[in-house]
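Here is a walk through the model, from strands to chains to single residues. Keep the viewer open as you read.

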2 protein chains.
Amino acid sequence: MTALASERAPPGDLAAQMTALGQAARAAALELATTPTAAKDRALAAAAAAIRAAAPAILQANTADLADARAAGLSGAMIDRLLLDAGRIEAMARGLEEVAALPDPVGTTLAEWTRPNGLVISRVRVPLGVIAIIFESRPNVTADAAALCLKAGNAAVLRPGSESFRSSRAILAALQAGLAVAGLPAAAIQMVPTADRSAVGILLGMSGLIDVVVPRGGRGLIERVIAESRVPVIRHLDGNCHVYVDGAADPAMALRIVHNAKLRRTGICGAAESLLVDRRATATHLAPIVRDLLDSGCEVRGDAAVQAVDPRVRAASEADWSTEYLDAVISAAVVDGVEGAITHVNRYGSHHTDAIVTEDAAAAARFLAAVDSAVVLHNASTQFTDGAEFGMGAEIGISTDKLHARGPVGTEQLTSYKYVVRGSGQLRP
Amino acid sequence: MTALASERAPPGDLAAQMTALGQAARAAALELATTPTAAKDRALAAAAAAIRAAAPAILQANTADLADARAAGLSGAMIDRLLLDAGRIEAMARGLEEVAALPDPVGTTLAEWTRPNGLVISRVRVPLGVIAIIFESRPNVTADAAALCLKAGNAAVLRPGSESFRSSRAILAALQAGLAVAGLPAAAIQMVPTADRSAVGILLGMSGLIDVVVPRGGRGLIERVIAESRVPVIRHLDGNCHVYVDGAADPAMALRIVHNAKLRRTGICGAAESLLVDRRATATHLAPIVRDLLDSGCEVRGDAAVQAVDPRVRAASEADWSTEYLDAVISAAVVDGVEGAITHVNRYGSHHTDAIVTEDAAAAARFLAAVDSAVVLHNASTQFTDGAEFGMGAEIGISTDKLHARGPVGTEQLTSYKYVVRGSGQLRP
């Protein structure tokens with residue numbers, strides 16, 4: 001186990017420290033690329049044990065972070081995200097064990113074929129290399145993100161929010177103890193040496209040393225990363241998700257799906273933000289759905305047709321159609337059948353998750369094919385967009401990008417591939 | 001067929017014209033996403049016929065481009081790349097027909113599974129959307145790139161080199177005639193309205209309208225695109241390719257592979273630029289290979305051990321190990337076995353294509369696993385890195401990125417995927 005760059009470099013020269021950290025990460029990534037699954041899993045299990053053993057130290061660091069956060073006047077919601085307790089620490093440890101139990105994506109042969117000249121060409125899954133994760137507030141992301149990177153054979157460079165820096169450092173120490181048990185390089189999981197924002201700027205310029213940046217946080221963070229980064233970014237933007245209730249929908253199923261999609265949890269990116277109802281279903285479907293939402297404490301902002309259904313419906317503005325509320329608020333519009341719904345979703349949506357409720361197979365097929373979103377559902381709640389619900393295990397987020405990874409980003413999405421070509425002396429004519 | 005943005009917008013307001021062009025491309029992309037294979041193939045066949053029929057107009061435009069290029073004092077090599085003749089026009093038309101004959105990647109189910117709650121989840125290939133191609137000099141790229149984009153259901157926005165602008169415009173007219181025959185939107189293939197460089201800057205800022213930029217050209221162009229672009233880029237950087245001759249290599253096979261890898265064509269990105277030879281094979285393998293290269297007119301720049309083999313070998317500088325010559329020049333070093341070769345390649349290589357020649361299966365397996373390159377070969381020439389040689393059909397380039405597409409970029413690599421989830425009223429608990 002070599003010393004970490006952050007422990008070697010003289011303080012003050014942040015750029016040099018960051019370069020050393022990047023070089024150490026790159027060297028670790030080369031080693032991890034051929035590290036057997038068993039060693040990675042051993043490191044994850046040992047890290048889980050180390051997190052449990054280090055619970056007092058982690059809680060002490062977290063208490064210091066919380067004191068600063070309260071002194072700085074952070075909101076109650078922010079404080080809650082920052083808070084660690086015995087239950088959350090145990091959940092972190094169990095999360096590491098769950099990632100250890102996932103299949104190893106590295107080394108899988110994705111395709112293999114033989115050319116007429118006898119060359120055998122295989123497309124084989126390999127790690128991406130060095131992944132930088134820039135995140136906010138929740139210190140458990142330190143363990144979750146590092147575990148996913150490690151399982152897929154990647155070195156991780158973490159930049160936690162400044163408010164959780166001490167908590168993250170204490171968690172990092174446990175993770176590195178796990179790496180040591182398995183004989184893996186400490187530089188496989190590193191943190192930037194300072195909570196100072198300038199470290200982020202340097203990180204985003206480190207193309208050649210860092211292969212991809214994953215920002216996890218609010219829109220401000222993600223847009224800053226996209227604007228500044230010279231390293232490719234996996235983007236996780238808004239989830240302005242729609243449920244379209246077709247005229248041929250089962251009214252009871254439609255009501256249940258809209259209720260679940262909007263209100264099960266309002267703060268997740270897969271929560272529905274907009275309800276679209278077929279014009280021919282205004283009386284049969286729209287009215288009971290709107291009343292159910294209003295009676296459940298959900299604000300409804302509708303167009304004229306929706307406002308006509310119930311006096312409690314407020315008028316929607318043009319901006320509402322594009323808004324991700326992440327709250328008990330929904331925009332609602334009447335559209336002309338499935339084509340009207342497709343046009344609305346592709347115009348105002350964020351290409352995240354959109355659902356159709358209908359018993360008409362042709363309308364469903366048309367919606368699923370024509371809506372340009374990462375996840376499209378038929379007769380199911382939008383809140384299913386989640387790595388675990390998809391059976392992919394833990395996830396680092398939901399990508400709204402089309403390049404590389406779309407939808408839940410789990411271990412498979414943290415890999416690349418290479419072509420392995422086996423010959424017997426072939427020359428190109 | 002709607003009028004093109006470039007024909008509608010008032011001249012002078014380039015930014016507005018570019019936005020209109022991007023919006024037209026986005027609308028076309030939504031339509032292409034559900035366009036049947038037969039219609040895309042009909043458009044490609046009709047475009048091939050239109051290119052043959054328009055040969056006189058294309059040659060006339062090319063003559064004007066060539067006159068300007070000569071007046072501007074462009075090099076002979078540049079003039080040759082710019083030149084069109086009957087043979088090159090026929091090759092372009094045939095290229096369109098070959099892309100039409102390729103399988104359609106869109107709509108393929110990549111994976112499908114059923115969850116315990118009954119949800120059926122499919123990962124389905126979809127187009128990327130709108131692809132911008134920025135290229136230099138060769139006007140045939142207009143047809144080649146547009147055809148690959150169209151086959152994969154993408155709208156293309158082309159920015160040809162200013163020196164080939166008129167030739168590209170004439171080719172574009174034929175492509176759009178093909179689109180019209182198949183009833184596809186003219187905005188499926190567009191060109192920026194002006195050869196002015198400012199159009200490129202605007203293009204690179206059009207995230208939201210353009211999904212990915214593919215620069216095709218020299219390092220200067222590609223680095224400018226990477227530095228400026230807010231749209232994701234598929235990068236095609238240097239091919240600093242290595243051949244490592246192991247002590248256990250068949251000497252005759254090694255000599256033939258090095259000769260072919262270096263000298264078959266020196267100007268392609270898969271050409272070998274560096275020879276590494278196992279220290280224990282200095283006399284048996286290195287000496288005859290170096291003599292063969294020198295006798296074939298190839299300059300050899302070697303370390304001390306290689307210089308000792310033949311007085312014609314020049315001394316290599318540190319910079320030589322990282323240089324892509326694209327010429328009859330090769331750097332050569334002696335290394336300590338396969339581990340020495342891996343260290344050298346991962347340090348100095350460009351992660352493009354690297355080969356090992358050996359009869360030792362364990363050494364081959366180690367090299368193929370540990371070298372971090374898009375293509376790794378055992379007992380075959382590096383010049384095989386090519387879409388057609390891989391059996392993937394035409395390609396738009398060789399990606400040295402790890403994100404999204406690595407290696408040859410053909411129709412499959414110009415796609416994304418979506419998750420299609422089919423339920424029967426499932427709610428998330």
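## Ground rules

Two strands count as paired if DSSP finds at least two bridges between them. Strands (E, at least two residues) and helices (H or I, at least four) are DSSP runs, numbered from the N terminus.

This is a predicted model, in which local features need pLDDT of at least 70, side-chain atom pairs count only at pLDDT 80 or more, and totals for chains, interfaces and linings use all residues. Residues are numbered from 1 along each chain as its sequence is written, while chains are lettered from A and ligands numbered from 1 in the order in which they are written.

## A sheet built from both chains

Let's start with an open sheet of 10 strands, with mixed pairing, in the order 10(A)-9(A)-11(A)-8(A)-7(A)-12(A)-13(A)-16(B)-2(B)-1(B). Its edges are strand 10 (314-315) of chain A and strand 1 (109-114) of chain B, each of which pairs on one side only.

## How the chains relate

Turn chain B by 180°, with a shift of 0.0 Å along the axis, and it lands on chain A with an RMSD of 0.0 Å (a least-squares superposition on C-alpha atoms of residues with pLDDT of at least 70 in both copies). That is the relation of a two-fold axis. Within chain B, B:His404 comes closest to the rotation axis, its C-alpha being 1.9 Å away.

## Where they touch

Counting two residues as in contact if their C-beta atoms, placed from the backbone, lie within 7 Å, 57 residues of chain B meet 57 residues of chain A. Strand 16 of chain B gives the most to its side, with 11 residues. That side has 28 nonpolar, 17 polar and 12 charged residues. Here Ala, Val, Leu, Ile, Met, Phe, Trp, Tyr, Cys and Pro are nonpolar, Asp, Glu, Lys and Arg are charged, and the others, Gly among them, are polar.

The copies meet through the same surface, because 100% of the interface residues of chain B are also interface residues in chain A.

## The core

A residue is buried if 20 or more other C-beta atoms lie within 10 Å of its own, exposed if 12 or fewer, and partly exposed in between, with C-beta atoms placed from the backbone. A nonpolar core is a set of buried Ala, Val, Leu, Ile, Met, Phe, Trp, Tyr and Cys residues joined through C-beta atoms within 7 Å. The largest one has 280 residues, and those with the most contacts inside it include A:Ile51, A:Ala156 and B:Phe367. Beyond its neighbours within four places in sequence, A:Ala156 touches A:Ile131, A:Cys149 and A:Ile189, among others.

A:His351 isn't a glycine, yet its phi is positive, near 60°. You'll find A:His351 in the loop between helix 14 (337-348) and strand 12 (353-357) of chain A. A:His351 counts as buried, because it has 22 C-beta neighbours inside 10 Å.

B:Leu326 also has a positive phi, about 50°, without being a glycine. The loop between strand 10 (314-315) and strand 11 (329-335) of chain B holds B:Leu326. With 15 C-beta neighbours inside 10 Å, B:Leu326 counts as partly exposed.
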